[in-house]
Amino acid sequence: MVYRSLDEGKNAPTIQFGTMRRIRSHVSNFEHTCPGGVGGALVGDEGKVLAISKASTNSLWFRRFSIGCHRRMGDVWIPDRATTIEELKACFTILEKTGECTVKTSKDKSKLVWQPSC
């Protein structure tokens with residue numbers, strides 16, 4: 001995980017914690033497939049199952065390591081921007097030209113109505 005944290009990111013010089021955290025899932029899944037990776041299982045009411053895992057990624061040390069990495073690396077949240085009306089109209093124009101849909105204006109001319117051509 002430490003080596004992965006040095007990789008180049010899309011929006012920052014290095015990757016974010018959430019990207020690096022995926023390695024933990026990969027290692028856990030691999031350890032669960034190995035003999036002795038999963039211990040006993042307890043079945044509760046309504047069929048809920050609790051499995052006891054022997055994966056190294058579920059240890060107290062690893063949990064503290066992950067919390068420390070998260071504090072040091074942080075997360076940069078870049079939300080998607082909203083689509084503008086002009087972009088939406090351009091999409092409808094392209095779909096209309098290809099014959100995949102028909103775009104009409106509503107009776108009161110306040111809305112565009114999209115209808116698939118099939």
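**Cysteines.** I began with cysteine 34, which is partly exposed at a relative accessible area of 29%. My scale calls a residue buried under 20% relative accessible area, exposed over 50%, and partly exposed in between, using a 1.4 Å probe and protein chains only. Cysteine 91 is partly exposed too, with 42%. I then searched for disulfides, meaning a pair of cysteine sulfur atoms within 2.5 Å, and the count came to zero. As a reminder to myself, a disulfide is a covalent bond between the sulfur atoms of two cysteines.

**Ground rules.** I noted that this is a predicted model, where local features need pLDDT of at least 70 and side-chain atom pairs count only at pLDDT 80 or more, while totals for chains, interfaces and linings use all residues. Residues are numbered from 1 along each chain as its sequence is written, and side-chain values use heavy atoms, with hydrogens and water left out.

**Confidence.** I checked pLDDT, the predictor's confidence in each residue from 0 to 100. The chain has a mean of 79, and 94% of its residues reach 70 or more. Where is confidence lowest and where highest? It is lowest in strand E4 (residues 112-116), with a mean of 69, and highest in helix H2 (residues 60-73), at 88. Helices (H or I, at least four residues) and strands (E, at least two) are DSSP runs numbered from the N terminus. Where pLDDT is low, the predicted coordinates should not be read in detail.

**Salt bridge.** I looked for a side-chain nitrogen of Lys or Arg within 4 Å of a carboxyl oxygen of Asp or Glu. The whole structure gave me one salt bridge. Arginine 4 pairs with aspartate 7, their closest N and O atoms 2.6 Å apart. Arginine 4 is partly exposed at 29%, and aspartate 7 is partly exposed at 31%. Side chains of opposite charge can pair when their charged atoms come close.

I found leucine 6 in the segment before helix H1 (17-33); at 63% relative accessibility, leucine 6 is exposed. Its C-alpha atom is 16 Å from that of glycine 68, 62 residues away along the chain.

Next I went to glycine 47, in the loop between strand E1 (38-43) and strand E2 (49-53). Glycine 47 is exposed, at 53%. From glycine 47 to glutamate 96 I noted 51 Å, C-alpha to C-alpha, across 49 residues of sequence.

Glycine 99 is partly exposed, with 42% relative accessibility. The C-alpha atoms of glycine 99 and proline 116 are 8.9 Å apart, with the two residues 17 apart along the chain.
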